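Please keep the sequence and the structure side by side while reading.

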Amino acid sequence: MSKALLYDATLCIDCKQCEAACADQNKLPYDDNIAKEERQSEHKFTAVLSKNDKYMRRLCMNCQEPACVSVCPVAALRKTSEGPVIYEANRCMGCRYCMAACPFGVPKYEWSSLNPKVRKCTMCPDRVLAGRQTACAENCPTGATKFGDRDELINEARKRIQDNPANYIHHIYGVEEVGGTSVLLLSGVPFEEFGYRTDFPRDPLPLRTYQVLSKIPDFIPLGFVTLGGIWWITHRREAVAAAEGRQAHQAGKELK
Ligand code: SF4
Ligand code: SF4
Ligand code: SF4
């Protein structure tokens, strides 16, 4: 059964334990200055935003039918049946189509790295595939971030709205947006206040990607893929050369 995260902003206390746990899980730096950054970046996969004592998390929505996956020419991004949208850096050729395609603006690029990768929350796939909850959910002290079966979390979210209608906007964000997402949101204030778009289509975006691409002459995507392929081959050559250089250096040291 597909897993999901339910974030209930009305239970959030802005402790940022989710941010710290995410950084630890993904071997990213985290300190007081990074804690103050209220946006996702290549070194911060989730951010807790605050406004007038109300809070909201931002992270990859790990869409049910992800636009990023549909445009990736080398299958470096992949949706798993368990929920996470995973990324394989060794396949990535750095074309950054995924960044342009994501309706939530999530994937970030390591522009300053010599060996850049696309970075985003991948919903802790090692944990989820091993039957564990995500690091952010495990470390949330109030239950504001909860991990579980997507269908059960949707039912639970519906019940929370039903039991406390005055507390909530009567909408579970992520049930239908862009065909559904593996991150579900509840809030007491309009989602737009924290930058969440509410004008998305209800059908999956890959379908629209296909509809748009099918109207573009064949030579345009082919040209992009060819250029991307050349970039990828060059990039791989450099990586292999660097690795061989390191091995030769190591062998030289061992001979001494
Ligand atoms: S940068 Fe290109 S190759 Fe890499 S994950 Fe994104 S779409 Fe795929
Ligand atoms: S699911 Fe994992 S990678 Fe995503 S925000 Fe939570 S801890 Fe970070
Ligand atoms: S750990 Fe939980 S309560 Fe703390 S900021 Fe994150 S979601 Fe909110």
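Contact here means heavy atoms within 4.5 Å. The model is a predicted one. With that cut-off, and leaving aside neighbours within four places in sequence, Leu 205 is in contact with Ala 67, Pro 103 and Val 178. Leu 205 is found in helix H8. Its relative accessible area is 15%, and buried means under 20%, so Leu 205 is buried. Leu 205 also lies 7.2 Å from Pro 66, C-alpha to C-alpha, although 139 residues separate the two in sequence.

The aromatic side chains come next. A pair of aromatic rings is described by the distance of the centres and the angle of the planes. The structure holds 4 aromatic pairs. One of them joins Phe 104 and Phe 200, with 5.2 Å from centre to centre and 70° between the planes. Planes over 60 degrees apart count as edge-to-face, and the pair of Phe 104 and Phe 200 is edge-to-face.

Where do Phe 104 and Phe 200 lie? Phe 104 is in the loop between helix H4 (97-101) and strand E6 (108-109), while Phe 200 is in the loop between strand E9 (183-186) and helix H8 (205-213). The pair therefore ties together parts that are 96 residues apart in sequence. Both residues can be checked against the cut-off of 20% for buried. Phe 104 has 10% relative accessibility and so counts as buried. Phe 200, at 7% relative accessibility, counts as buried too.

Elsewhere, Tyr 173, Phe 191 and Tyr 196 form one aromatic cluster.

Arg 96 leads on to ligand 1. Which of the 13 residues around ligand 1 come nearest? They are Cys 72, Cys 92, Cys 95, Arg 96 and Cys 98. By class, the shell around ligand 1 has 11 nonpolar residues, 1 polar and 1 charged.

Ligand 2 has its own set of surrounding residues, among them Cys 22, Cys 121, Cys 124 and Cys 136. Leu 5, Leu 59, Met 123 and Ala 135 also belong to the surroundings of ligand 2, as do Asn 26, Thr 46, Thr 134 and Arg 57. The shell around ligand 2 divides into 8 nonpolar, 3 polar and 1 charged residues.

How values were computed:
Residues numbered from 1 in each chain as written. Chains lettered and ligands numbered in written order. Predicted model: local features only at pLDDT ≥ 70, side-chain atom pairs only at ≥ 80, totals over all residues. Heavy atoms only, no water. Near = heavy atom within 4 Å. Nonpolar A, V, L, I, M, F, W, Y, C, P; charged D, E, K, R; others polar. Phe/Tyr/Trp six-rings, centres within 6.5 Å; stacked < 30°, edge-to-face > 60°. Helix = DSSP H or I, 4+ residues; strand = E, 2+ residues; numbered from the N terminus. Buried < 20%, exposed > 50% of the residue type's maximum accessible area, 1.4 Å probe, protein only.
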